Amino acid sequence: MSGETHETHGAVHRHEPPTSFIRKYIFSLDHKVIGIQYIILALVAVLVGMTMSVLMRMNLSWPGTNWPILGTLFPGGAPDGMMTPEFYLSLVTMHGTIMVFFVLTTAPQGGFGNYFLPIQIGAEDMAFPVLNMLSFWVTFVGFVVILAAIFFSGAESTVGPIGGWTGYAPLSALPNSGPGQGMGMNLWIISIAIFCVGSLLGALNFITTLLNMRAPGMSLMRMPLTCWAWFTTAVLALLSFPVLLGGGVLLLLDRTAGTSFFIPGGLYIGGELSGASANFPIHTGGSPILWQHLFWFFGHPEVYIAILPGMGATSHILSTFARKPVFGYRAMVFAIFAIGLLGFFVWGHHMFISGMSPYSAMTFSILTLSIGVPSAVKTFNWLGTLWGARIRFTTPMLFAIGFVSLFVAGGITGLVLGQSSLDLPMHDTYFVTAHFHLVMGVASIFGMFAATYFWFPKMFGRMMSERLGRIHFWITFVGVYCIFVPMHTMGIVGMPRRFAQFTEYEFLATLHPLVVFVSIAAIATVFAQILFYFNLVWSIFKGEKSGANPWEATTLEWITPSPPPHDNFAGVIPTVYRGPYEFAVPGAPNDFIMQTEPEPGTVPATEGAGNGHNGHRH
Amino acid sequence: MGRALAVIIWLLTVGSVGLFFVKKWWFPTAISEHAPALDSQFLLTIIVVGLSFTAAQVGLGWMVWKYRDRGQSDRAMYTHGSNRLEVVWTIVTAVIFIGLAVMGQSVWASLRFNEAPAGAFKVEVVAQQFQWNFHYAGTDGVLGRTHPTLIDDSALNFIGIDEADPSAKDDAVHSVIAIPAGRPVELTLRSKDVIHNFWVPQLRFKQDLVPGMAIRVHFTANTPGKYELACAELCGQLHFKMRSFMLVLPTDEHTALMGLPQDQFQTRMTELLAKYKLPTAY
Amino acid sequence: MATTATGTRSTSRKEAQVSGGPKPPGPNGRGPGENGWRQKGEGNQRRKFSPAAYRIAMWVLLAAIVMMFAALSSAYIVLSGGEEWASIAVPRMFFWSTSAIVVSSATFEVARRYLKDGRQRQYAQWLAVTLLFGLTFLVTQLMAWRELRAQGIYLASNPHSSFFYLFTGVHGAHVLGGIIALLFLVVRSRNTYELGTPRSQASASVVSLYWHVMDAVWIWLLLLLLVWR
């Protein structure tokens, strides 16, 4: 992989941590503080996103109901307590944008990746701590801007732009194409552009850190699978966010400078022909499909950016609590890479019915279904890891098993949607909504729940409450199945996404009981998350003290105290002697062997093929 | 705990598969020529999906049940995997998944790789925010010229028909699409403003209408009747209300309708819309 | 696979190191202290400068920048196939700007050669020359804009003109970043003490890498604008 080196052992000496509050907690250079900042950002963002989904479900299930509280909170968007369609659609947009960018991209990568990647490879910090701090604060500014879009959307009756998280042009490119297409859309684009920059800085840091700062002996094939996942995610982010950034610049120019990148000539909107007046300048020569290509070239890898860290965490946690090495480590690494690589060649499956060439649709279709192969390989290996195990059912393990279950449930319907012919009835129905929520939303979040319960003791030195954690798991696990499985059948009936109401169509009337059922399940599941938030806050102060290695795990983060000191290993750079998941080694005194343990028994004198040495040249 | 989790996983599996199995909520009865092939491809895919889903969940539950820590004195099995297994399941899934993708192409190819057959009934579809306009060629079978500068909402010329064009004289524009049963139909899809989508669930057919493009697609509807037509691409505030109907008429009724002069055409359409009822059972 | 418990068991830490574990410091000819890890006796200072990290980071950054230009280029290629495409004449000023940036790449290399030889004065001079050519490039690009405006061709006139302004603007912003880095090098080049340290060598090499890639990107964009119309 790289010929970069780190030949020396660390000597025993330490960095002095900063003492002022601002340098310690606000503009900190410490990757651990920055990681926690990212996690807090995601925890706040997910509250906003979940609240929006509850409002959306209320509007869909009980049409015409007067909700006095809505009327009070949003006099413009819900006059007399009834939501306007544009209010609903702006909720759709903001829910999607906030969840995808500020939750599913920040928590797994910026949060847990930032905190644990350096520790797991035995580094004292990221390669560029200042850049790391910048990437968080840039992301934070992006979040402030997207929140600003709620309040300055340009229309009284909306809380953001109308466009979905995909923001298809020319709807998004023309300020006069309806309510919510004003200032809110500008802020939306600017927020995403800022977010792109923040993510790029982060990716730069991740890649450099991983290639250049591994501890002695930490060859690539001795890295925990989490590190492989974060690394691949960083590569995906690095190559896909610039494309979105470029697209965003073009879209913003179309909106504000009168260019026509995505706007064709001869449009007629709201009784006005393009060029007829100053607020509808003349446009010519643009292509709406171009935006879709640019967006989905980013958008599809983004799906993997959201879920790959969850896969990494799941492999890591499954192995730890199965008390078994990961089954097929090498295959897992290849699968992560295959998913990442193929992820760049399948964006067209979002566009089968967009008017692009039917022949390219065929190619995209076949490539898309081949992505199912590495995904299936991962699932088989997870099952293989559990096979012959001694499973300890801790809360993180429950969520990791839940991840496997949900990843299968959500991913497998990709077999339907990836076929161009079956996309004819399925496209833009709730089948799609169900599919991507299960796999990209819920499965990823289960990965993050598992990661939170697993690493919380390391981050705060205290355990989270197992009892609360279990209740949280049971409700959430059953809840998400109840929410998203029925959505598939709604899609089969033909219920389209992004409808403010289903009352207009007779063929949708039959689905009303399902819609209500889903809403009740959704609202119950959302309220169950209070348990999680409570558990987090309570455990920081009152949780049981954890010690350095409460889970009897093997990787480097568990050799250092909880929480780790400022430079992670108190001035000593650890030396790594073996692979990351040495559980249940026959003859060893314990059923787990730390990566740093040099005792005889597992250090091979000869290099067998596939043993994972020399993946890295010294 | 392990047993409880296994049981919950299995119950959720049974519930999920059951929801698909009972087919209480399913596709509406298909009316198009390509639909049976598409439906059977869907059925095949959903069976593969269902079997894989069930196998994975049952397997997961079984692992969780069987290999829970029961305080045994011995350790877990020490293995790093099996290359043979990796190769086997990679090949098996690749064959199944890619095989499905290839099989799915035949319907797609029949619809999209070929031009509409000769003699297809031609309609131009011009969508605009929250309204459908269907442009019929009339008796001469030739669509009149249109131009955006000629659009005049007050004169109800929504699509900008050029009255100077002789072939436009007998053209009609209506918000409902009326097509003949059993005869291929070719749509030319255009949009005046933003992206819309032509979606009739019974047709198993969907296509975006993209401004700046004239997208030609074709299909054949076989069963006469009235069906709901929806916009399935977010097009703005009243997207959810952008509804119309598709009338599939017996050939003679359709031919008679298309031969009518404009004013009678409108009246006859209203009559036909009242005559045909939406399907009651879905 | 992860490490397996096969093979001869080694009994001491030293053997473990020999057999594929950690190696003693500096076996590959690279001096200790160059590699990013602190050495004994360095006290509490932060991790030492790592040229490898800078080089990796620059390649990674350039990959991202090239991806963005690739996206904009493919947008250009897609739209140039459209029916409403109208092409405009390329400003003659581009001849001068292109010459300036190509020459600046060459002078940068000359400067770096002097740096390697440790000839500080020449290094500083040639860096300044490079900076001058870089600034010339930006100024001539702005003059190309003026030339277009004089012809009544603006950003929003038609897609081809939009891409003219877009390409030059986005690329110019990146060159401006390069100029700031160059300025930084020029200021540092006056400090004899710094010269010859790994840090100054590495800064010069990553900035020059950036500069050459921006040069290449410009030539690519110019070819697009000229040829693919």
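In chain B, 70% of the contacts (heavy atoms within 4.5 Å) between residues at least 6 apart in sequence join residues at least 24 apart. In chain A, the figure under that rule is 81%. This is a predicted model, where local features need pLDDT of at least 70, side-chain atom pairs count only at pLDDT 80 or more, and totals for chains, interfaces and linings use all residues. Residues are numbered from 1 along each chain as its sequence is written, and chains are lettered from A in the order in which they are written.

Secondary structure comes from DSSP runs, with helices (H or I) of at least four residues and strands (E) of at least two, numbered from the N terminus. Chain A has 17 helices and 2 strands. Chain B has 5 helices and 10 strands. Chain B is more spread out than a compact globule, because its radius of gyration is 26 Å, well over the 19 Å that the globule rule gives for 282 residues. Chain A has 25 Å, which agrees with the value near 25 Å for a compact globule of 618 residues. The radius is taken over C-alpha atoms, and the rule is 2.2 Å times the number of residues to the power 0.38.

| Chain | Box |
|---|---|
| Chain A | roughly 80 × 55 × 45 Å |
| Chain B | roughly 95 × 35 × 35 Å |

Burial means under 20% relative accessible area (1.4 Å probe, protein chains only). Buried residues make up 73% of the 618 in chain A. In chain B, 53% of the 282 residues are buried.

How values were computed: Heavy atoms only, no water. Buried < 20%, exposed > 50% of the residue type's maximum accessible area, 1.4 Å probe, protein only.
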